[in-house]
Amino acid sequence: MGLISFLKSKFSKKTENPDAESYSKGMEKSRQNFSNKLTSLSKKYKKVNQEYFEKLEEILIESDVGVNLSFRVIEEVLEKSKQQKIFDSDAINELLIETLFKDYMDKGEQLTEIQFNDKGPTVLLVVGVNGVGKTTTIAKLAYRYKNQGKKVLLVAADTFRAGAKEQLQIWADRLDIGIVTGADNADPASVAYDGVHKAVIDKVDLVIVDTAGRLQNKQNLMNELAKIKRVLSKEVENAPQETFLIIDATTGQNGVIQAKAFAEVTSLTGVVITKMDGTSKGGIILAIRDELGTPVRFIGLGEKMEDLKEFDIDSYLYGLCVEK
Ligand SMILES: Nc1nc2c(ncn2[C@@H]2O[C@H](COP(=O)(O)OP(=O)(O)OP(=O)(O)O)[C@@H](O)[C@H]2O)c(=O)[nH]1
Ligand SMILES: [Mg+2]
């Protein structure tokens with residue numbers, strides 16, 4: 001059975017994966033772009049030729065899959081098509097999706113949920129440039145893990161942007177969870193320290209540290225993040241156990257550039273892609289994975305607290321490719 005038929009049958013029973021429906025809804029714009037283009041291309045050609053592969057590569061690039069990955073995947077599909085003597089355009093499209101899937105899987109581990117520390121708090125540091133959805137994602141994660149019975153504490157180490165801590169405070173109140181804040185323009189590392197200190201005393205399970213996203217000066221950012229990390233590990237061994245980079249899907253290839261820049265200044269354990277519902281170019285997930293190798297842990301499919309889903313490649317491809 002081909003991958004598309006597999007995905008269709010897998011998700012025909014909603015109970016098997018309730019998230020698949022959210023992916024399908026949240027990725028409607030991307031699907032309309034990607035899937036419609038594939039369908040109309042295969043209708044136009046029926047049998048593939050050199051031009052067909054060029055058009056296919058264009059569709060991938062237009063969906064933000066990235067030039068490098070697009071090129072590689074098309075080469076691979078072309079090769080397989082020759083070897084296996086597949087010239088039917090629908091079959092080639094299916095082969096393309098399978099190749100994208102395989103490429104994602106081959107890149108390494110498929111971790112999603114936060115890995116909890118056996119003893120003591122687990123610390124998650126959240127980084128990313130301005131406005132990508134850091135604070136919202138933190139609230140969504142806090143909501144998720146609170147519902148799983150974890151004691152969660154938020155730490156407002158973004159002391160730079162006016163109103164940042166008030167925004168986090170609103171979420172903490174709404175979720176009825178603890179929060180540590182500092183004075184405006186306080187040293188972010190000192191707020192981070194107060195946060196983990198309180199977390200140890202209060203026997204918190206998960207500490208989520210919000211940071212200001214400043215990428216104007218790489219050296220400063222590197223120093224600031226290094227200092228925060230040092231301070232966190234003073235109170236909790238191996239903290240932060242998780243560092244998530246937040247990327248806004250609507251920023252396209254710019255997001256990929258940000259991801260590379262952050263990966264250069266600090267070690268990341270995961271990426272969260274937000275605003276997938278707001279883009280028609282959902283291929284960015286594949287590009288980020290290709291460039292960084294870091295697993296995409298969660299994706300944001302809307303503004304509400306429950307709109308954060310753990311990343312699942314099957315549901316993602318279902319959302320991207322499978323027409324209703
Ligand atoms: N549609 C949609 N909107 C989102 C998503 N995630 C975040 N947003 C919106 O993006 C905007 C910015 O989100 P914030 O969480 O404030 O972003 P931030 O990175 O903390 O911003 P700064 O603190 O200013 O750096 C808000 O209006 C959010 O509601 C998502 O998955 N989908
Ligand atoms: Mg923020």
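V200 sits in helix α9, which spans residues 188-201, where helices (H or I, at least four residues) and strands (E, at least two) are DSSP runs numbered from the N terminus. The model is predicted, so that local features need pLDDT of at least 70 and side-chain atom pairs count only at pLDDT 80 or more, while totals for chains, interfaces and linings use all residues. Residues are numbered from 1 along each chain as its sequence is written, chains are lettered from A and ligands numbered from 1 in the order in which they are written, and side-chain values use heavy atoms, with hydrogens and water left out.

With a relative accessible area of 35%, V200 is partly exposed, a class that lies between buried (under 20% relative accessible area) and exposed (over 50%), computed with a 1.4 Å probe and protein chains only. Once residues up to four places away in sequence are set aside, V200 touches P121, E235 and V236, contact being taken as heavy atoms within 4.5 Å.

Strand β5 (residues 242-248) is mostly covered, with 7 of its 7 residues buried. In a regular strand the side chains alternate between the two faces of the sheet. In β5 both faces are covered, with E242, F244, I246 and D248 buried on one side and T243, L245 and I247 buried on the other. Strand β1 (residues 122-127) pairs with β5 in the parallel sense over 4 bridges, pairing being assigned if DSSP finds at least two bridges between two strands. Within this pairing, V127 has L245 of β5 as its bridge partner. Strands β5 and β6 also run parallel and are joined by 5 bridges, and here I246 has V272 of β6 as its bridge partner.

The loop between α11 (253-265) and β6 (270-274) contains T266, which counts as buried because its relative accessibility is 9%. The side chain of T266 makes a polar contact of 2.7 Å with the side chain of K229; such a contact is a pair of N or O atoms within 3.5 Å, and within protein one must be able to donate a hydrogen and the other to accept it, with residues adjacent in sequence counting only if both atoms are side-chain atoms. Apart from its neighbours within four places in sequence, T266 is in contact with L225 and K229.

Helix α12 (residues 284-292) is largely enclosed by the rest of the structure, because 8 of its 9 residues are buried. These buried residues are I284, I285, L286, A287, I288, R289, D290 and L292. Just after α12, G293 takes a positive phi of about 80 degrees.

Ligand 1 has 18 residues around it, of which K134, T136, R161, D277 and E303 come nearest, a residue being near a molecule if one of its heavy atoms lies within 4 Å of it. Helix α7 (residues 134-147) supplies the largest share of this shell, 4 residues. Oxygen atoms of ligand 1 lie 2.5 Å from an N or O atom in the side chain of T136, 2.6 Å from a polar side-chain atom of E303 and 3.2 Å from a polar backbone atom of V132. Taken alone, ligand 1 exposes 660 Å², and the protein buries 80% of that, the accessible areas coming from the Shrake-Rupley method with a 1.4 Å probe.
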